[in-house]
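I opened the model to look up a few local features. My entries follow.

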Amino acid sequence: MGLKKQDGAKCEGLALLLRAPSPEDEDGQLRVNSTPRKSEEEEFASTLRYVLDLDTCREPLCRGSSILFRAVESCLSCRIASIEVQAREEAAAEAGEVDGRLGPAGVRVDKGSVFGHLAVGQDGLSLGSEGSFSSCRGSTCVFKGKWMYEVTLVTAGIQQVGWATLRCKFNNEEGVGDGADSYAFDGKRVRKWCVHPEAYGQAWAPGDVLGCCLNLDEGQVTFCRNGVSLGVAYDNVRTVKPHLGYFPAVSLSHGERCELNFGSKPLRYPVEGYRSIQDPPRKAIRCSAAYLFDTLARLIDVTATGQSPLSRSTNVMLSRPRLSTDDRTLLAATVMENLQPLLQHQYVVLDSLLPFLRMVLDRPYQDRTHDGLHIAIDMLESTLSKQQFDQCMTQVITALSKHCGSSPFLPRDLPCTASHPHLVLMNALLDHVSVASLFVSLPNLDEVLEGFLTRKQPTADDLQELLPNVWWKGLKDERFGEERMATMVATLSAALGNIEKAQHDLFSRLLSTKPTPVMNFFVYLLKKNHGASRNIQPLGLSDVSVLVSSFNLLLRLLRPYLTEHSNQWLGTFPVAKIFLDGILGEQGTLVPSLHQDLPRLGGTLSYLLKEYPIEAPDHFVLHLPPDAISTLDIQDSCVPPSLAAPLLHVLVLLYRLGIEAALKMTVHQFQHEASLRLSLIRNEQRLARSEGMSDAEQRRLAADIQKQREEEARSVRNCTWYKVVLFSPWKQECLFVLTVYISRLLSALSGSGGDMFRFAPEVYVECMLELFQAVSKADARFAPVDRLEAMGLQHVIDFLVHHFNHPMVLNPQICDALLQALGALFSDKDLLATFEHNPEACDSLVPSLLESFDSRYWLSISNIFLSMAKGTGFGQAGNPASGSRFRQIFLNTCLSRGALLDGFLNRLFNTLNWTVTEMTVTIKEINDITHARGVVRGIAEVQRQYRKATVLFNLSINLLRMLELVTHQMPGVFLCGSKLNLTRLVEVVAFILSHVTTGSDARVFEKVLEAPGTPSEFKSKVSRTAMLAPLAGVLIDLQFASKSADGKKRLQSNLPEGYDSEPQFSLAEVLAESTSPTECLDYLKSVDWKLSFPGASCHKSVGTLSQLLSTCKESRRKMASSTAGGIESEESLPDEFLDPIVMTLMEDPVVLPDSKITVDRSTIKRHLLSQSTDPFSRAELKLEMVTPDVELKSRIEAFLTRARKGRK
């Protein structure tokens, strides 16, 4: 009967149903006792004929409700025999033709044809290039007929796949398609190749299945992508003799991988009329297997539901007597006796068994206690040997795993498309105990699981099919609106959500097994992708979709552990075991190289272990303090508590290996789309205001707009895909919760005392910062700010504020990243309002920023200060109320800590001098390049110079705005204290004016701006008024404070300790003493500020500026007639009266204690702001250590007195 003999209850229960033949059973047939009515017997016979697919039967198949199994076996044999006869006749008709092939029946890669370093798998079908360019051919050629084979792309770089004769020579630079009689397609470059490349086809992606079709009857080569023809590539293929036939051939560049299928497995996308190069098993075998599996499916139908189709041509269901479990088992044994030898062929397993399992899974059984798939598995298990059952199910599992990465998103199948059907079937199979046991014992389980996490990425052509019409803000098209776009996005999101849920269900099942293989899998994944974050990546990395799927999967699994109000709050974290030892639970340990190579906040692990040994590290477990935040209804996770912390560590490491790059690509796509959209809107507005434009100009503009719309549509599709994959609402929420948990973890670690915080991997901070910025800048944020605050936003703020200058954080890039995250907070008015609700963070932030403003962090800090000052500067329009709390804190800090303010101002002036100088030098270099004769410079070099000048210009403006913030808040710092600050300010003003307004240097600036070849982007970002506006604001603030009543009141109320209450210096006089030409100062009056900044109220302050410039002119006239400014022209100044550093007349000479050199007090004071050493001997020096040179000072004063009397 074919029923497998087993130990235990399975066969014992069946044996009780069987009895020896009674006198009434003269024919000896095996029966099950029953005495039904005659009509029931007819119905039972009809059911059996339906199961066996028999229209009629010569002999009875049952007696009553007892099955006559010998009759069943006879009918089944006859049915199979007729199928085989028909198949043999068809095969004989085909055999009459010339085969058209030459080579072994089993086609593999011909290893003798391999050129280069090409790794060939054990099956002879998997290829990986380890050289610069590697090529190979198959072992069989064709010379007549229509043939095809398939290539599944593992990577999607430069590969040339197609056909080649022996005439096609392989070398380091040439491969398939580069020689005569060879034809290839490369989807990376979207070209077809036959000696010379031509545009053809579509771009490809990892997981694509390429059909390479050769029609030698008509001389054509055609390529297909995922079953869709790309069109005839060549129609002039030569007919050749058998010994010069066409071989399947491929060429791979470095690191590329693919898998070939010549026909040993069913083709994924067979093309009608084409044969695979390798023949499948005999047609009789395939047809018999198909019939037998259809028989099993019908058997399951009538067993599970008691229903079957009325006929093959209708879906109407006909009620039939339901077969008992015992009838089903015995009938299945009869069928499986014929199937068992057929299942020795892998082809039959994939061509018949796998579709059979899908079919019974998809049947709508109303009685869920009779699961069709489980019935099918029971049939297989009870009739096949354990070895053959395991072999068949292993082949099924492997095929499902591979199909996940090569199944595209198809619009017709949404929302259950791509890998979803394969995952659903796998999950259903795992519900069977025997399959689950086999699954976890697979020797290649890690590779199989990796396959189930692979998701085929759509190309631009694929996205156009998924989203044929798109909408964006500003699109004026009544045919397609925002609601329809939202519906399409929701459908796509549902499709991806179904896949992610199926992946979650798969791993949930594995987590319930003991011991679970999940941790070992993730350790394998980390090991395989170690080095993925390097600039030059190693070979053999996982597909990016695997890392993204793993990250999202862990987010979903760990979500309950990351929220304190859930039942599974991860309140303890084994810091030492994970950070020091790399132990991931009982079953997993990080690869030593991966663990040791992790950069730590305090340095390398080896250095930290040597310098900061941790006592009793095994007992160091971090306990996070409780925090009362709002509650959410969160379902418990299936992750065991012992694996929660290790899996969190894996999650963070996965971020570094794959998510970080994907996140940056996403941000780049969002920015690119926004830029395209704005440019398109501007051009559409220009076209709408087309008055004065010629017809030709309008046509050109309309054509440009059409191209921009197409580019914008492609960009919107890309952004939509990235949003669905990485930024769906639930993912944003999980990312934010993860950010909050990491910030709490690291804050608790730094506050725990000791040195353990030094051992925290930098990737924890990087992960927290980049995820936080991504969520905070998302177009559609998952929740309002008040909910973010309830979910722990203040924890993130506290960490940012207290750790960007933490002494244990040694990497300046980490500190700068923390500052950039703070800048993101300040740039969002809603987040800034939340920030201001945290008084402790506000009070400690500004002093830390002032202390940290140096050559390393000035750029990020200046952006924060600019956000504070937004809307308050000259020529700026905005809401000055935004950031008012921080401006007040900034003022209070500077007033109460004079030394801190002096150091900050010194570094600000130094940095501003550097950026302005570099900007002017770069502009001069641009002028020299563009006007040089006989010198040819590369376009790339010129463009780089333009970009550099633009960046430096913007940085200079930012620093000037910071200087304007200080003059606006505290004008007394320049007018009532040391003259040094005012002098340095005037030096900056004079330098900028001379290079931007008039004069020889300014003419260079003007020539570059007005040159015909200057990029429009440079002209739009670099302008005189943009640079002069903050400069004018600085002068207006100081003049207003010294001359108006309201200004003096503000000056006196905002004076640092120790400053005089009245101005000690005149801005006009210091300006008059400067080297800035009068015409440069006058240029400020000539600017039409109202026209340049129409939205601002700057024109109201122009009167103050005019008053200052008039006073400056008057001071210069007086100085020319009555001051000692002409001493040098009549009598040379003695060298001993000149400061040796700045070479100006000393007013307050002092002697340096170590070098004994005399300098002016203002000069050494300015030097000590940057360095605390003697400028001549490098010995330690403080201001209080210098000695006044009284004798020299009196001589200088006497000299000046004599000089003035002499002029009179």
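How are helix 36 and helix 37 oriented to each other? I found them roughly perpendicular, a label for angles of 65 to 115 degrees. The axes of helix 36 (residues 1024–1043) and helix 37 (residues 1045–1053) cross at roughly 95° and come within 5 Å. Axes here are lines fitted to C-alpha atoms over the stretch in contact, with angles from 0 to 180 degrees between N-to-C directions. Helices are DSSP runs (H or I, at least four residues) and strands are E runs of at least two, numbered from the N terminus.

I noted that this is a predicted model, where local features need pLDDT of at least 70, side-chain atom pairs count only at pLDDT 80 or more, and totals for chains, interfaces and linings use all residues. Residues are numbered from 1 along each chain as its sequence is written, and side-chain values use heavy atoms, without hydrogens and water.

Next I checked Thr922, found in helix 30 (residues 898–931). Thr922 has 1% relative accessibility and therefore counts as buried (under 20% relative accessible area, 1.4 Å probe, protein chains only). Beyond its neighbours within four places in sequence, Thr922 is in contact (heavy atoms within 4.5 Å) with Gln945, Lys948, Ala949 and Leu952.

Last, I looked at strand 17 (residues 247–253): 7 of its 7 residues are buried, so the rest of the structure largely encloses it. Phe247, Ala249, Ser251 and Ser253 point one way, and Pro248, Val250 and Leu252 the other.

Notes. Parallel < 35°, antiparallel > 145°, perpendicular 65-115°, else oblique. Buried < 20%, exposed > 50% of the residue type's maximum accessible area, 1.4 Å probe, protein only.
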